[in-house]
Amino acid sequence: MTRLVIVDDDPMVRTGLRLILGGEPDLDLVGEAGDGRQAMGVIRDLRPDVVLMDIRMPNQDGLTTTELLLAQPDPPRILVLTTFDADDMVLRALRLGADGFLLKDTPPPKMIEAVRTVARGEPVLSPSIARQVIAAATGAGEPQRPEAPRELARLTDREREVAIEVARGKSNAEIAGHLHMSVATVKANITRIFAKLGSDSRVQVAMKVRDAGLL
């Protein structure tokens, strides 16, 4: 059973998320909050596995709340909710280590699956908007950071192929199919990529791939 908390200042959004997620037998919606300050207390008391976090809220925004939560021991996994597919605050949240993001108009079945994916420990970066997010974060054209090519040079040829597919927003299953690997092998490669690049999210890997001029 995955314990969930919803953090959003719009009561209608919270109601909609309750309707979407509340009926799933493996998801337990244990609480909600209307702003970041309230969320800190709710999350401390209820200790959810996953938090659906709105970014733009009064009193304390989702970015500040995400940063504070991820600085604590054993934090929940954080799935950012946004209306915009390339919002600068979303990019900053992902750099902080949020586990992924969803547009608020994501179809219910995909939203449910995204929550389950994050709960399993696999970050969610929607392929449909991955390219826009990466482009907004890194720009296009020449490498943004001169050290990026050196960092990517630490990878084996196979790890580099996997890293490029991650940067394209592919899921583990899609990477496995494209590169003719098992999903377990893809996961093992991603673990090594994270370690070699000093990254803790797929978005950070994608940015380094882009900065190295490999996209």
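Reader: Why is H180 called exposed?
Author: Exposed means over 50% relative accessible area, buried under 20%, and partly exposed in between (1.4 Å probe, protein chains only). H180 has a relative accessible area of 72%, so it counts as exposed.

Reader: What kind of model is this?
Author: This is a predicted model, where local features need pLDDT of at least 70 and side-chain atom pairs count only at pLDDT 80 or more, while totals for chains, interfaces and linings use all residues. Residues are numbered from 1 along each chain as its sequence is written, and side-chain values use heavy atoms, with hydrogens and water left out.

Reader: Which way does the phi of N59 point, positive or negative?
Author: Positive, at about 70 degrees, although N59 is not a glycine. N59 lies in the loop between β3 and α3 (62–70). Its relative accessible area is 53%, so N59 is exposed too.

Reader: How do you know that the buried residues of α1 line one face?
Author: Helix α1 spans residues 11–21, and its buried residues are R14, L17 and L21. Seen down the helix axis, they fall within an arc of 65 degrees, so they line one face. The arc is taken from the directions from the axis to the C-beta atoms. M12 and L19, on the other side, are exposed.

Reader: What covers those buried residues of α1?
Author: The cover includes β1 (2–7), β2 (27–33), β3 (50–54), β4 (77–82) and α5 (108–119).

Reader: What makes D10 a cap?
Author: A side-chain oxygen of D10 lies 2.8 Å from the backbone nitrogen of M12, at the N-terminal end of α1. A polar contact is a pair of N or O atoms within 3.5 Å; within protein, one must be able to donate a hydrogen and the other to accept it, and sequence neighbours count only if both atoms are side-chain atoms.

Reader: What makes a nonpolar core?
Author: It is a set of buried Ala, Val, Leu, Ile, Met, Phe, Trp, Tyr and Cys residues joined through side-chain atoms within 4.5 Å. The largest has 22 residues, and V7, M53 and V80 touch the most other members. Its largest share, four residues, comes from α2. Another core, of 21 residues, lies apart from it and includes L155 and I164.

Technical notes: Helices (H or I, at least four residues) and strands (E, at least two) are DSSP runs, numbered from the N terminus. Contact means heavy atoms within 4.5 Å.
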